[in-house]
Amino acid sequence: MQLELTLYAPEGSDYAASDLGFLLHKHPGHLHERDTAQGKVSIFFPKVSEAEARAVIYLDVDPVALVRGKNEQSDGLLAQYVNDRPYAANSLLSVALGRVIGQTMSGKSKDRQSLADRALPFRIRIAPVAVSGGIDVIEELFSPLGYEFDAKTLDDTGRRAVFDLDLTITARLSKILNHLYVLVPVLDNAKHYWIDKAEIEKLLAKGGDWLPSHPAKELIARRALKHRRSLVEQALERLSETIDEEVEEESAADTGEEKLEKPIRLHDLRLDTVRDAILAAGARTVLDLGCGEGKLIRRLIRERGIERVLGVDPSVRTLETAARRLHLDEAGDRLRERVQLQLGSLTYGDRRWQGFDAATLVEVIEHIDPPRLAALELSLFGDARPGMVVVSTPNRDYNVLFEGMAPGTLRHGDHRFEWTRTEFANWAGRVAATHGYATDIRPLGPEDATHGAPSQMCVFTREGAA
Amino acid sequence: MKISIPDFSLVVLIGPTGSGKSSFARKHFLETEIVSSDACRAVVSDDETDQAASGDAFELLRLTAGIRLRRRKLTVIDATSVQPRDRAELVQLARQYHALPIALVLNIDPDLCHERNQGRANRDFGPHVARNHSKALRRGLRGLQKEGFRQVHIMNAPAEVDALEITREPLWTDLRHDEGPFDIIGDIHGCFDELTDLLTRLGYDLDPYAPGESLLSARHPEGRRAYFVGDITDRGPRNVDCLRLVMGMCAEGSGHCVMGNHDFKLSKWLKGRDVKQTHGLDRTVAELSACSEAFRKEVSDFIYDLRSHAWLAGGRLVVAHAGLKAEMHGRGSAAVRSFAMFGETTGEVDEFGLPVRLEWAREYRGEADVVYGHTPTIEAEWLNGTLCIDTGCVFGGKLTALRWPERETVSIPAARQYSEPAKPLDHGSGRTAQQDHDRLLYFDDYARKQRIETRLGGTVMIPEENALAALEVMSRFAVDPRWLIYLPPTMAACPTAPEGPFLERPEQALDFYATRGVTDLVVEEKHMGSRALIVVARDADAAAARFGTEVGKAGVIYTRTGRAFFNDEALEAAVVARIGQAVGKAGLWDQLETDWLLLDAELMPWSAKAQELLRKQYYPTVAAARTSAEILIEALDAAQDIEGLESLRARAETRRANALAMGRTIEGYCWDASSIEDYRIAPFHILAAEGRVLTDRPHDWHMETLATLCAADPILRTTGWRRIDPSSEADRKAVIDWWLDHTGAGGEGMVFKPNTFVVKGEKGLIQPAMKVRGRDYLRIIYGPDYDLPENIERLRKRGLMRKFSLADREFRLGLEGLSRFVERKPLRQIHECALGVLGLESEPVDPRL
């Protein structure tokens, strides 16, 4: 991977482009080599003239050490599979830059301090660079900072493309280098190196003056901090006092779906409606299947009539987040009696699900492979048999109304299906008939005359249940 | 005095302080069998005389004793237990775990007790204490039987205490020493003709029939014995004859019988008690009324002696009339007796006026096969290791026997319907009872640390966090567990080549096996695609019958982690159909006498399944590696001649060449697969067919048989293979040359396997297979520049032992699960193995091996 820095001195400039050597503290006539923990860095100047000077900073990452080194812990075993990290620019380049041109980054120049303090016309080429999210992300990150860019894809492999990225800007060199230090790993959005609290300090130190006003600061914080929720929250808190609470809550995996549905705050509406249906039926014990991070549970425990909520989710990590959000660790006995979280699966039966007044499946069934739905039907409606079951799922008919949604696609990468209103009604009717429940199907969200509401809900009531 | 107590019981010592209970206990019992209130007091309070701690101490005592009893361990309670209230709790504890409570009373003169206490530290209380104890004790002495103690032994003086001898004997129901073999026979209900036909069919020699009251008998020439599950009489036509034959066989020792509810009721009538003559008892009463008093007495004595249940064959078999829960096996209590005779009911009554039964068999998780009768069903069907063999003979069904340990049923149809059932017999759903039950597995059966015994030897442990990870993956991605009868084990990589440009070479695999004494090796081409497990049945009906699924598929194809191989169900169905036709053409359905097969195969192209991986990982790597080298070269071209740039350039050229080589290797494994004709499927094991796991056949059989299969369809690809002796120089040379040619032309590598599928060495199993991968292929694994001298020398230091151990454990688990499927074990036990393999896969082992 390499970084090329080209300094231009248009005719009539009061400096020479060849002063780039002074700015970098490197003699343009030599090859400068240095071993760093990240690999060997070579710096040379393929072009040096009055009008234009170019420095190449090439990082030769040692691929064997990369796997055997400390990174093993932060990435787990995936790091041991072949990947582009030794070759495409990422956090390793950032760290190496700090090592070999640290003085330049902090804005110092022994012999040309006045140039170091000035905005100068630069062209920066980073290649190859892995970009998760493609051109849109490059645009989102660099345009607000005043960069013009040109990005050429080196392969056409979709989500994680490798680019040859050209940036031009007139700015102080130290400022440019600090942008790159923070943003190159953000482009890459994988794994690395920023993992503990000390790293927040580093991020803030390099981004302190420009990051708080960057429109993509959430994305930057989230990616740079490797999706570690609490760290992201802390960093955002320190960057700005006024954080939209809802934004803070969204998990990275949901952003696609949330983004689509955001204008109508559909998820809040869904959860409120489900809560109201449970309260209206007088249910006192609730089984929240696929409870996720506990948003419905949080609504339910505020209600006096609710005696017990059992939240079930297949992911240990999600349940840990839910426990933290619900403050279960520091909760008193009474609250802990009322709320329990349990690892479970919707395609297995579970004896611990017996005896609940109500069960909820809010935007859950569409994450189950259609052939496996039969197991859920059997375990919930046939075996656990709660007095009522509330199921909500997207209405596929409505998808045409979402802007930016390609025809035939689904709202979320893990959705295994999305049903039209007819398909949902057919399913609900069959399940209810097989297991002795009555159905009441309702639209969820503002209704369109032709395509219905964005989501749909069915309240199943067990026959003979009060 | 000599007494004999059951070897599983709760022994309660009763006596005042100072009566010598503790010394008595130490003399007759193991220290670990004794739970003492003083010791418990010390544990909770540091002071064994602290009366204020008694409440907590007794809680600990009950807990400790309860755990021991749950584990079926004889337990002795060393406390005064002079108060009826204290004893009542202990009797209750014994009942909870179905242990017989035994009272051993040390009724010693309280003054003597006091005298003894004087000589002991911490016992300096007044004489009134022992006196009060003694008074309380003597008040309760006579009521001990009534309190529920099954044996009461009272010692009235120190001399009697000293003279007591205790022996232990097994419980009446503990017949674990009796290994059979047995022919377990269902409810007879007076169906004498069917009974004699059944015994004849089972190979018994019957005495010629003689009318009258004399006992009849029969015996098996090979010493097999009949085991009757009870309900000999009532409803049917020849009740007395049935009694004569069963009693005769039991007397001779060629038969045994446990007590049924009808037998129990008959014995009450025989003892002159007032019983309603319903449910067919009237017929038996009519017959017996015509018999002699002596015969009726003989019948009454016979029934009195019947066991509630029999715990047999080292604990692997239980025979009980109405079945028995696992926690009751080989135990004794009124509850056990009642369950064994009547089953457990909820107290409710159904629309036919019959008690609603708890479906204990659905919840059964015990080790023993439980064979029972009592509830008539159409077919005798296994469910979770239990089998009801009451097939309603007297209602016009059939009389059924189970040969055990063979687990084969034998039936004789009823000559006619002798009685009208109160409700129609249950008709099944088309699935077996087990399949019906197996539609749903239970999360709470798996969400903890798992210990799985494997028949190839050794227990495999799955830590809880691995089990949970496997459950999550399984529930989010896997196919229906009813198809998922096997997950393949990981395969060991060969020991590392010590030097040169190769990381792996055939010599190391050859040496590995040669030094372990394996002289018969099969070497097979390793295809580069994706692992595919193919379940294929003759047709959808055959698949439904064997796998219990209801989706109308003739089979499935799944990956090594249990995901559906194809997202497109129609494509999957088409591929399965093609393979099924090929199996038919090759004659394998008939040759293997089966309706279904499980094939282990590699499915190509790699790009068919690995598209995402290629897109997100391999293509970007090649592109980045190549570009990284190329733009450096470009910059170097533009640069002046500076010292040191030449070597930088040489290095960049090598990098570029390596990146291109990696790209070419990948391209060789990818092609567009837009139609079914574009796929290539290379099967290399026929893992299982009806009734058998085919790992008992050597690999050359698999390869030869599969060659005929592959000839039947062009989408099936034959695998090149050779059978060699790893110690023969000529064989070695030939195989090394073949490997070099194959991998030099882009082949992934080869797999070396002992020809015998399962080989045991001195220290357990010998690795069942070992891969030796080609130099170019390994670029995909270790990165484009792995074979640069400075890299390869470091890469040689790779630890293989964890991988070997993982391969070994997964292999044993895989075969265990498959064997259980073939034996038609409950899906819960088959799934346990598949989950186990998946759980082990989350262990931190270098994934490049």
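**Notes on the two-chain model**

1. Let me start with chain A, whose domain assignment gives domain 1 (2-193), domain 2 (198-243) and domain 3 (258-462); the bounds come from an automatic or database domain assignment. The C-alpha centres of domain 1 and domain 3 of chain A lie 47 Å apart. Please keep in mind that this is a predicted model, where local features need pLDDT of at least 70, side-chain atom pairs count only at pLDDT 80 or more, and totals for chains, interfaces and linings use all residues. Residues are numbered from 1 along each chain as its sequence is written, with chains lettered from A and ligands numbered from 1 in the order in which they are written.

2. A helix pair in chain A is worth a look: H4 (residues 91-100) and H8 (residues 173-188) pack at an angle of about 160 degrees, with their axes 8 Å apart. Helices here are DSSP runs (H or I, at least four residues), strands are E runs of at least two, and both are numbered from the N terminus. Axes are lines fitted to C-alpha atoms, for helices over the stretch in contact, and angles run from 0 to 180 degrees between N-to-C directions. H4(A) and H8(A) are therefore roughly antiparallel to each other (the term covers angles over 145 degrees).

3. On the H4(A) side of that packing, Ser91(A), Leu93(A), Ser94(A), Leu97(A) and Gly98(A) meet Leu177(A), Tyr181(A), Val184(A), Pro185(A) and Asp188(A) of H8(A); contact requires C-beta atoms, placed from the backbone, within 7 Å. By class, this contact has six nonpolar, three polar and one charged residues. Ala, Val, Leu, Ile, Met, Phe, Trp, Tyr, Cys and Pro count as nonpolar, Asp, Glu, Lys and Arg as charged, and the others, Gly among them, as polar.

4. Now for the two chains together: 52 residues of chain A are in contact with 47 residues of chain B. Among the elements of chain A that give two or more residues to this side are strand E3 (39-48), strand E5 (120-132) and helix H18 (373-384). The side of chain A that touches chain B has 27 nonpolar, 14 polar and 11 charged residues.

5. In chain B, the C-alpha centres of domain 4 and domain 5 lie 27 Å apart. Here 10 residues of domain 4 of chain B are in contact with nine residues of domain 5 of chain B. Strand E26 (521-526) and strand E32 (721-724) of chain B each supply at least two residues of the domain 4 side, which divides into four nonpolar, three polar and three charged residues.

Definitions and conventions:
Parallel < 35°, antiparallel > 145°, perpendicular 65-115°, else oblique.
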